[in-house]
Amino acid sequence: MVGALIGSGLGGAALAEVYHLREASDGVVGTAFYVESDKEGTLLDIARVNGFGHDDMRQANPGVDMWVPRDGDNVLIPNRFVLPDAPREGIVLNLAEKRLYYYPPGEPTTVHSFPISIGREGHNTPVGSYHILSKTKDPTWRPPGWIREQRAAEGRPIPEVVPPGPDNPLGSYALRLSDPSYLIHGTNRPWGLGMEVSAGCIRMYPEDIAYLFPLVAVDAPVTIVEQPYKLGWLGDELYLEVHTKEGEAVRAPSEIVPAQIADAPGVFIDWGAVERTRDENAGLPQLVGGRDASANWHHLDMIF
């Protein structure tokens, strides 16, 4: 990983994260770490400077007040990820974790990762396979009729066309998907990042979309998945990462780790660790199994 700003997180926007896999077959990247909170800032300040969103920080830090953390609170930055089970090419979005992954062409051991906002209930971002249809710098927003009607009813009327500028909710860059109703774009309201708040489009921090925009080519593939349980290997160690919603029915451990993994020769599963990781729902990979020398695969990663 390069480019992380480590500290209390109040000095500005994060540099982009670039992660490098040890081996192309591995499925876990990054290293989690702690920072100390500052009474002058919120967890959202810390989130943005370290490349995370609202729900990332809430999930990883259930004992820390999101808006008024105490001075010197230990804040976990969940900077470790199991990669989604999807083709590692172009853009991959996992709605369950509200995160975008970008795999540069010709670099099988490199991945970029960014927090996103997605569609709220009733305006859900769709899963499926798409591609980038077009790229626009300084986009013009033409709000659909239902949004204009809703805003008018709320006493906040908006015009039929919103030109580029600080009042444009698309921000300064937009990537249109092959389903042209949906965009990956910036935002003029970055503090809602990492939540289900959009009308279906995918929002990014302004600095993140500015970084991603020149890297992504027209026609690049875009895969959108919904994977609340992610399993990945790091060498001979098996990790589980969980992102379930409040009130969502949980899966049995045997459903989380499929038989083709659990019953494979030489694979050992700690079913108690699977259950604990599921119940903690911390959004951080936890070690739940391994190959061959099972007695040796418990180590310091478990402290998170």
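**View 1. The hairpin of β11 and β12.** In this predicted model, strands β11 and β12 form a hairpin, with five residues lying between the two strands. Their pairing is antiparallel and runs over three bridges. Strand β12 covers residues 183-185. Within the pair, Arg176 is found opposite Leu183 of β12.

**View 2. The pairing of β10 with β11.** Strand β10, made of residues 128-137, also pairs with β11. The sense is again antiparallel, and there are five bridges. Lys137 stands across from Tyr173 of β11.

View 3. Strand β11 spans residues 173-177, and four of its five residues are buried. Buried here means under 20% relative accessible area. The strand is therefore largely enclosed by the rest of the structure.

**View 4. The largest nonpolar core.** This core has 25 residues. Ile91, Leu93, Leu100, Ile184 and Leu212 have the most contacts inside it. Two or more residues each come from β6 (90-94), β7 (99-103), β10, β11, α4 (206-212) and β15 (221-225). Strand β11 gives the largest share, which is three residues.

**View 5. The contacts of Leu100.** Neighbours within four places in sequence are left aside here. Leu100 is in contact with Ile91, Val92 and Leu93, among others. Its contacts also include His112, Ser113, Phe114 and Ile116. Ile184, Met204 and Leu212 are on the list of Leu100 contacts as well.

Key:
Residues are numbered from 1 along each chain as its sequence is written. This is a predicted model: local features need pLDDT of at least 70, side-chain atom pairs count only at pLDDT 80 or more; totals for chains, interfaces and linings use all residues. Side-chain values use heavy atoms; hydrogens and water are left out. Buried means under 20% relative accessible area, exposed over 50%, partly exposed in between (1.4 Å probe, protein chains only). Two strands pair if DSSP finds at least two bridges between them. A nonpolar core is a set of buried Ala, Val, Leu, Ile, Met, Phe, Trp, Tyr and Cys residues joined through side-chain atoms within 4.5 Å. Contact means heavy atoms within 4.5 Å.
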